[in-house]
Amino acid sequence: MAQTASLWNLFLVFAKVGTFSVGGGYAMLPLVEGELVKRGWISETDCDELIVLAQSAPGLLAVNMAIFTGHKIKGLRGSIVSALGATLPSLIIIVLIAMFFTEFKENEYVIRFFQCVRPAAIAPILVPAIRMAKSGCKSWWTWLIAIASLLCVAFLQVSPIWIILVTISVAVSVSL
C-alpha cells in the first residue's frame, strides 16, 4: 500500500539513507530503492532510470539521486528537501568527527571500528553494480565491454574518462 509522499516524509527517508549508508553514493542506492519502492513512490524501473540520470550528471551520486528522485516525486521543493535530507546527516557527522576525532584517533576501539566498517561497505556498493550490469548487459559484447572496463580501471589504473571516451568512439563508429 502506497504511503503519502509528503515533503516531510521525503526528507525523513533521505535523512535515514544519508545517516545509515556507509561507503558513498553507490552504497546508498539499495537503501534508496528499498525505501522508495516499498512506499510505492516510484517503481523499480523509475529507480533504475533515476540511477542512470544521477550517474550521468556532474556532482555526487548521492546528492544527484536525492535531487532527481525528489523532483520526480514532489517537483522543485521535493528536490530541495531530498537533497537536504541526504546531506544534512553527513554534515552533522563530519562536524562532530572534526570536533572530537583528534582526541580519539589513536583510540584502539575507534581504529577497530573503522577497520570493521571498511569491508562492510563493499557489499552495498557491489549490489547496485551487479544489478546494473545484469540489466545493462544484454549481449556477450556488452558483457565484454563491462568486464574489460572493470579490469582496466581496477588493475591497470586507466582513468574511467578514457574508458568512456573510447566506448563512445566505438559506439559511434559501429552505429555509422
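Me: What is the volume of the largest pocket?

Reply: This is a predicted model, and the largest pocket in it comes out at about 1400 Å³.

Me: Which residues sit nearest its centre, and how many line the largest pocket?

Reply: The lining counts 31 residues, and Tyr26, Gln55, Met132, Ala146 and Ser149 are the ones nearest the centre. A residue gets on that list by having an atom within 4 Å of a pocket point. Helices H3 (44–56), H6 (122–136), H7 (140–155) and H8 (160–175) each put in at least two lining residues.

Me: What classes of residue make up the lining of the largest pocket?

Reply: It splits into 21 nonpolar, 7 polar and 3 charged residues.

Me: How do you know how many disulfides there are?

Reply: A search through the whole structure turns up 0 of them. Take Cys47: the closest cysteine sulfur belongs to Cys137 and is 18 Å away. A disulfide needs two sulfurs within 2.5 Å, so that distance is too far for a bond. Cys137 is in no disulfide either, as the nearest cysteine sulfur, in Cys152, is 15 Å away.

Me: What makes Glu33 buried or exposed?

Reply: Glu33, in helix H2, has 11% relative accessibility; that is under the 20% limit, so Glu33 counts as buried. Setting aside neighbours within four places in sequence, Glu33 is in contact with Lys38, Glu44, Cys47 and Arg131.

Me: And what about Met28, buried or exposed?

Reply: Helix H2 holds Met28 as well. Its relative accessibility is 3%, and with a limit of under 20% Met28 is therefore buried. Apart from residues up to four places away in sequence, it touches Phe14, Val17, Ser21, Ala62 and Met65.

Me: How many residues make up the largest nonpolar core, and which have the most contacts inside it?

Reply: There are 20, and Phe14, Val32, Leu36, Trp41, Met65 and Ile73 have the most contacts inside this core. Helices H1 (7–20), H2 (25–38), H3 and H4 (61–104) each bring at least two residues to it, with H4 giving the most, 5 residues. Val32 is in contact with Phe14, Val17 and Met65, leaving aside neighbours within four places in sequence.

Me: Where is Gln157 found, and why is it called buried or exposed?

Reply: Gln157 is in the loop between H7 and H8. Exposed means over 50%, and Gln157 has 61% relative accessibility, so exposed is the label. Gln157 also has a positive phi of about 55°, although it is not a glycine.

Technical notes:
Residues numbered from 1 in each chain as written. Predicted model: local features only at pLDDT ≥ 70, side-chain atom pairs only at ≥ 80, totals over all residues. Heavy atoms only, no water. 1 Å grid on protein atoms, 1.4 Å probe; cavity = no way out; pocket = protein on both sides within 12 Å on 5 of 7 lines; lining within 4 Å. Points joined across faces, edges and corners; volume = space filled by probe spheres on them. Helix = DSSP H or I, 4+ residues; strand = E, 2+ residues; numbered from the N terminus. Nonpolar A, V, L, I, M, F, W, Y, C, P; charged D, E, K, R; others polar. Buried < 20%, exposed > 50% of the residue type's maximum accessible area, 1.4 Å probe, protein only. Core = buried A, V, L, I, M, F, W, Y, C linked by side-chain atoms within 4.5 Å. Contact = heavy atoms within 4.5 Å.
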